[in-house]
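Thanks for coming. I will go through one structure today, starting with its open spaces and ending with a few single residues.

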Amino acid sequence: MARPPSTVDDEIFDLRLARSAPDLWPMLDAIYGHREDYADFRAALLKVLKKGWKDRPADLKSLDLKRDLEPDWFQRPDMAGYVFYIDRFAGTLRGILDKLDYLEDLGITYVHLMPCLKPRPGDSDGGYSVMDYRQINPAYGTMEDFEAVSAALRARGISLCIDLVLNHTAKEHAWAKKAAKGDATYQEYYLMFDTPDVPRRYEQSLVEVFPDNAPGNFTYYPGIGKWVWTTFNEHQWDLNWANPTVFLEIVEIMLFLANRGVDVLRLDAVAFMWKRMGTRCQSEPEVHMLLQALRACSRIASAAVLHLEEAIVAPAEMLPYLGRGRHDGREGNLAYHNSLMVQFWGALATRDTRLMTHVLGTHFPDRLTNATYATYIRCHDDIGWAITDEDAAAVGATGHGHRNFLSDFYEGSFPGTFAKGALFQVNEATGDKRISGTFASLAGLEQAVEAGDAAGVEAAVQRILMGHALIASYGGIPLIYMGDELALTNDYGYLQVPEHAHDSRWIHRPVMDWAVAGHRHDGASPGARVFWGTKAILARRRAVSALHGCVPVKVVSAGVDGVFAFLRAAPTGVVLCLFNFTEGWRRVPEAWVRGVGVTQMHDLLSDHPVEVFDGHVALPPYARVWLA
């Protein structure tokens with residue numbers, strides 16, 4: 001006699017709870033176990049998890065099972081991501097439905113919709129100042145529209161990622177409004193102080209995230225009579241994660257979004273979640289304990305869902321977000337490989353890959369447990385030159401000097417540069433200067449087109465395709481930011497938009513040019529060439545099993561100026577990936593190539609044989625080769 005579905009569901013829940021309990025309860029015991037209300041908290045959390053599972057639609061429960069049986073689904077080489085702002089790509093959520101053929105044409109299997117939950121009115125930090133986690137930004141549509149898009153993507157085998165901001169809410173959020181009215185329960189949701197004494201003590205060790213337009217880390221509100229912790233902007237109030245009720249609220253929200261069809265939760269601003277006096281209040285141990293516990297909650301009640309942890313920090317600080325030590329294999333499934341992006345731009349400007357080889361070969365493991373990287377060349381944010389003084393010194397440079405050179409080069413002020421960008425958040429006290437700009441403009445296309453320089457246009461196209469080939473082969477899920485596949489250049493129209501004019505990051509957030517996209521299949525324009533080149537790279541990635549995310553990555557030195565090299569050491573044989581970061585030809589000795597394990601002189605990227613000349617593999621300017 002068949003058992004009723006409810007009984008089977010209960011058994012599945014109990015099995016998943018048992019599986020993840022060792023990842024969940026010890027973390028929560030350590031953080032909240034000292035509280036008198038801890039037993040009540042545990043009971044309440046269990047109730048939230050059971051309800052989330054009970055409310056989960058049947059098709060998503062089937063997806064949970066499928067991904068339980070195929071836990072490497074997100075590490076496979078058929079994964080390729082595309083990132084965009086809804087309004088700039090398609091106008092509305094419903095508009096995305098008309099663009100799915102375009103995404104499939106490119107070879108996309110993962111879509112990240114930039115902030116789409118309901119933001120505060122006016123300046124919302126690009127949508128990261130959220131006032132309602134259960135509603136969609138009305139400018140884009142409704143939650144029903146969102147579910148229609150998630151279902152349509154799922155039907156095409158495309159995974160959906162959205163942002164969930166964990167460090168703060170908008171001051172217009174219902175919790176914050178109640179706190180502002182004096183509700184003591186909701187004031188405990190945030191970090192609020194009656195006098196400036198404690199904030200001043202914290203400030204002694206804190207850094208400013210947006211020193212130009214949001215200096216300091218606290219805001220005084222006369223109407224409330226409180227100093228509120230506001231790390232990012234005055235309108236973004238930091239949550240108090242030492243309060244277990246905040247944990248409960250966020251778990252409920254996570255499961256609500258998961259049950260609307262979200263596959264990947266991009267957990268935003270996670271480094272700042274825990275506060276400790278005398279520190280930067282970034283990446284404290286409790287952050288990783290909280291994130292492990294949150295992931296366990298997802299595995300219990302929505303097993304198909306991944307966590308992408310946004311932590312744009314130095315390598316030693318980033319890797320724990322993918323799980324290190326006791327968190328190994330238990331924390332984030334994905335994290336941005338910021339260092340790969342930074343080193344790409346650094347090597348491109350200097351024509352020197354020594355620092356890139358040193359950083360990527362020294363600071364990163366060759367593989368990760370139950371996790372992989374999100375690799376990218378550009379994103380919606382600025383580029384901060386996360387290069388330490390120690391790493392710069394290892395190749396004979398100074399950190400300050402090198403960082404300044406890169407900012408000058410990509411702003412376009414350094415003599416002989418090919419780039420056109422804009423400075424972002426110049427800190428006069430520290431000399432820190434970050435950079436905004438699209439992939440194409442920073443790679444030289446804008447300047448070359450303006451100068452009528454055909455050779456410069458060709459070089460820019462090859463730089464862009466080399467970057468896409470790099471992120472497609474390095475390991476992880478390559479993410480293409482909207483327009484980079486069409487070589488869209490800087491959009492200076494942001495200067496005419498009052499709410500954007502102060503923020504140069506809008507220069508690389510252009511409106512999608514569907515006219516250019518419409519001609520992607522014809523002509524020899526830079527946009528068409530980059531589209532076809534990118535599409536071919538993703539197609540070849542799908543065909544090469546050695547590019548699976550669990551295959552070790554070993555950075556090696558070819559001993560040739562300007563050439564970056566790494567091995568993908570698959571059981572089926574080595575793949576050697578070579579990239580020429582210069583505008584000149586380079587020659588790599590055949591003996592060295594064979595010495596690292598290459599047995600066939602066949603380029604898996606072009607799917608053509610590679611000729612050897614005079615005992616060398618010849619690499620043209622900005623070459624990219626995947627040698628089997």
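Let me begin with a definition. On a 1 Å grid over the protein atoms alone, a pocket is an open set of points with protein on both sides within 12 Å along at least five of seven lines, a cavity is a set of points where a 1.4 Å probe fits but cannot get out, and lining residues have an atom within 4 Å of a point. Grid points are joined across faces, edges and corners, and a volume is the space filled by probe spheres set on the points.

Before the numbers, some ground rules. This is a predicted model, in which local features need pLDDT of at least 70, side-chain atom pairs count only at pLDDT 80 or more, and totals for chains, interfaces and linings use all residues. Residues are numbered from 1 along each chain as its sequence is written, and side-chain values use heavy atoms, with hydrogens and water left out.

Now the second largest pocket. Its volume is about 490 Å³. The lining has 28 residues, and Ser-124, Gly-126, Gly-127, His-500 and Trp-506 lie nearest the centre. At least two lining residues come from each of helix H4 (86–89) and strand S3 (117–119); helices (H or I, at least four residues) and strands (E, at least two) are DSSP runs, numbered from the N terminus. By class, this lining has 9 nonpolar, 11 polar and 8 charged residues. Here Ala, Val, Leu, Ile, Met, Phe, Trp, Tyr, Cys and Pro count as nonpolar, Asp, Glu, Lys and Arg as charged, and the others, Gly among them, as polar.

How many cavities of 30 Å³ or more does a search of the whole structure find? There are 2. The largest cavity holds about 60 Å³, and among the residues that line it are Trp-229, Phe-272, Arg-280 and Cys-281. Its lining divides into 6 nonpolar, 3 polar and 2 charged residues. The second largest cavity has a volume of about 40 Å³, with a lining that includes Arg-378, Tyr-481, Asp-484 and His-508.

Cys-281 brings me to the cysteines. Cys-281 is buried, at 2% relative accessibility, where buried means under 20% relative accessible area, exposed over 50%, and partly exposed in between (1.4 Å probe, protein chains only). Cys-297 is also buried, at 0%. Across the whole structure, 0 disulfides are found, a disulfide being a pair of cysteine sulfur atoms within 2.5 Å.

Ser-441 sits in helix H18 (residues 439–442) and is buried, with a relative accessible area of 0%. Leaving aside neighbours within four places in sequence, Ser-441 is in contact with residues including Phe-418, Lys-420 and Thr-489; contact means heavy atoms within 4.5 Å.

Ile-537 belongs to helix H22 (residues 526–543) and is buried at 5%. Gly-107 is 430 residues away from Ile-537 in sequence, yet their C-alpha atoms are 9.6 Å apart. Not counting residues up to four places away in sequence, Ile-537 touches His-468, Leu-605 and Trp-626, among others.

Last, Asn-137 lies in the loop between strand S4 (130–136) and helix H7 (143–155). Asn-137 is buried too, with a relative accessible area of 12%. Beyond four places in sequence, Asn-137 is in contact with Cys-116, Leu-117, Lys-118 and Pro-119.
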